[in-house]
Amino acid sequence: RAENVTAFVKTPAQRVEAMEAAGQLPFLVPTSSIPNNIELNEAGVHKGVGLVKLAETLGFSAENVMACG
């Protein structure tokens, strides 16, 4: 099972088209971090969820967590 897929596009129009198409699927959350890519994440899967689980595992609260990048 993949939780994140990254694809690269050649034109801004392709990116817009891909983002709109992916946005129609309720189980995907499309994002983009650079001008020529699209990232597809499973709904509910993101850095924040992972950081909260890590904090709980290490024994401290999410209020004491900072993430960069």
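**Close-up views of a predicted model**

**View 1. Strands β1 and β3 pair side by side.** β1 and β3 (residues 37–42) are joined by five bridges in the antiparallel sense. Strands are DSSP runs of E with at least two residues, helices are runs of H or I with at least four, and both are numbered from the N terminus. Two strands pair if DSSP finds at least two bridges between them. N4 has N41 of β3 as its bridge partner. This is a predicted model: local features need pLDDT of at least 70, side-chain atom pairs count only at pLDDT 80 or more, and totals for chains, interfaces and linings use all residues. Residues are numbered from 1 along each chain as its sequence is written, and side-chain values use heavy atoms, leaving out hydrogens and water.

**View 2. Strands β2 and β3 make a hairpin.** Five residues lie between β2 and β3 in this hairpin. The two strands pair in the antiparallel sense over four bridges. V29 stands opposite N41 in β3.

**View 3. The open sheet has three strands.** Their order is β1-β3-β2, with antiparallel pairing. β1 (4–8) and β2 (28–31) are the edge strands, each pairing on one side only.

**View 4. Helix α1 packs on the sheet.** Helix α1 (residues 12–23) touches β2 and β3. Contact means heavy atoms within 4.5 Å. The direction of α1 makes about 160° with that of β2. Axes are lines fitted to C-alpha atoms, for helices over the stretch in contact; angles run from 0 to 180 degrees between N-to-C directions.

**View 5. L58 sits in helix α2.** Helix α2 spans residues 47–58. L58 counts as exposed because its relative accessibility is 55%. Exposed means over 50% relative accessible area, buried under 20%, and partly exposed in between (1.4 Å probe, protein chains only).
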